[in-house]
Amino acid sequence: MTTTKPPTEIDHDKLMGFVFRAVDEVGATLNTALVVMGDRLGLYKALAGAGPLTPAELAQRTGTAERYVREWLNAQAAGGYVDYDPDSGRYTLSAEHAIALTDASSPAYLPGFFQIALGSVLDSPRITEAAKTGQGYGWHQHGQDVFDGCERFFRPGYNASLVSAWLPALDGVVAKLERGAAVADVGCGHGASTILMAQAFPASTFAGFDYHEGSIATARQRAAEAGVSDRVRFEAAPASAYSGSSYDLVTMFDCLHDMGDPVGAARHVLQSLKPDGTWLIVEPAAGDRVEDNFNPVGRAYYGFSTLLCTPSSLAQEVGLALGAQAGEARIREVVTGAGLTRFRRVSETPFNIVYEARP
């Protein structure tokens with residue numbers, strides 16, 4: 001005897017609600033490229049503080065073609081990035097949006113966030129292929145937008161919080177840095193965090209490590225430009241085998257979860273620290289439960305975790321693949337499992353959680 005499954009009753013309003021939500025998300029996806037376009041062409045900077053402008057006026061100020069600028073402005077207005085006055089046919093960038101789109105010193109600065117997202121999307125066909133087999137895709141294999149966008153996104157947050165809030169939250173660390181401490185910045189990328197600390201604490205010495213040779217080359221150039229090469233060195237090395245010992249402070253900014261063997265890296269940190277040394281760990285903001293991260297920040301980070309963080313870990317030895325939303329409990333497990341005995345949350349922002357670990 002056969003049974004027939006009754007037809008599922010479709011809620012038409014729910015269906016169409018989802019369709020139009022998807023339309024909005026396609027627009028948002030395309031806007032990622034448009035924001036990068038506006039940033040590179042100087043369109044936002046030309047709009048900032050300029051008052052209402054026509055497409056022709058903005059094109060003239062930026063040396064761009066008016067027809068492209070007109071479509072770009074309409075897309076920006078439709079998305080609420082700029083304001084449009086139908087009576088005058090002019091467009092205005094509000095002061096608040098100008099801060100987020102043009103002020104690289106503001107912690108609200110966003111172009112880097114869009115740039116790393118664009119680079120991730122451009123590389124997504126390769127991640128799709130890797131997902132069929134479970135193979136990894138290394139950080140070094142990505143395009144330049146990922147490297148540059150990553151630094152541009154995280155650097156404003158470091159500028160706003162590292163020296164003023166995160167380091168002071170650590171037990172006795174600022175006093176050591178002021179007297180003269182030895183610091184290892186592991187997973188340093190382009191060296192933004194390393195250079196920032198070196199500028200704030202000229203009596204200390206800093207070593208930045210990253211396995212990506214291209215990023216290390218950029219970091220050396222940035223250190224020279226910042227005038228801190230006398231107390232900063234950069235070296236290409238994995239987190240589990242960087243050089244040096246008896247460090248007063250080891251730092252890892254938004255990179256522990258990307259590592260193939262974070263426990264092995266934590267063991268090396270322990271070996272390289274002085275007995276009274278400190279490990280500063282900055283990780284993406286995340287709750288311990290999956291559902292804790294169902295919010296705009298968590299959604300973005302899960303996306304980056306799928307396209308960047310998890311493939312990067314899987315491309316390395318062990319391939320633990322913590323993911324960008326590992327949460328405090330998993331990070332604590334990694335740290336204490338490596339032999340460090342003290343672990344605590346010391347600070348947080350909308351995008352990051354800051355931990356202190358001690359031997």
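Student: Is Ile-10 buried or exposed?
Tutor: This is a predicted model, in which local features need pLDDT of at least 70, side-chain atom pairs count only at pLDDT 80 or more, and totals for chains, interfaces and linings use all residues. Residues are numbered from 1 along each chain as its sequence is written, and side-chain values use heavy atoms, with hydrogens and water left out. Buried means under 20% relative accessible area, exposed over 50%, and partly exposed in between, with a 1.4 Å probe and protein chains only. Because its relative accessible area is 60%, Ile-10 is exposed.

Student: Is Ala-217 buried, partly exposed or exposed?
Tutor: Ala-217 is found in helix H11, residues 213-226. Because its relative accessible area is 45%, Ala-217 is partly exposed.

Student: How many helices and strands does the protein have?
Tutor: Helices (H or I, at least four residues) and strands (E, at least two) are DSSP runs, numbered from the N terminus. Counted in this way, the protein has 14 helices and nine strands.

Student: Which helix gives the largest share of the lining of the largest pocket?
Tutor: On a 1 Å grid over the protein atoms alone, a pocket is an open set of points with protein on both sides within 12 Å along at least five of seven lines, a cavity is a set where a 1.4 Å probe fits but cannot get out, and lining residues have an atom within 4 Å of a point. The largest pocket holds about 1,100 Å³ of space, and of its 31 lining residues the closest to the centre are Ala-28, Thr-29, Thr-32, Phe-114 and Arg-299. Two or more lining residues come from each of H1 (12-40), H4 (66-78), H6 (111-122) and H13 (296-314). The largest share, eleven residues, comes from H1.

Student: Which element gives the most to the lining of the second largest pocket?
Tutor: The second largest pocket has a volume of about 910 Å³. It is lined by 45 residues, and the closest to its centre are Gly-187, Asp-210, Asp-254, Cys-255 and Asp-258. Elements that supply at least two of the lining residues include strands E3 (182-186) and E4 (205-210). With seven residues, the element that gives the most is H8.

Student: What is the volume of the largest cavity?
Tutor: The structure holds one cavity of 30 Å³ or more. Its lining includes Glu-283, Ala-324 and Tyr-355, and two or more lining residues come from each of strand E7 (273-284), helix H14 (328-337) and strand E9 (352-358). A volume is the space filled by probe spheres set on the grid points, which are joined across faces, edges and corners. For the largest cavity this is about 30 Å³.
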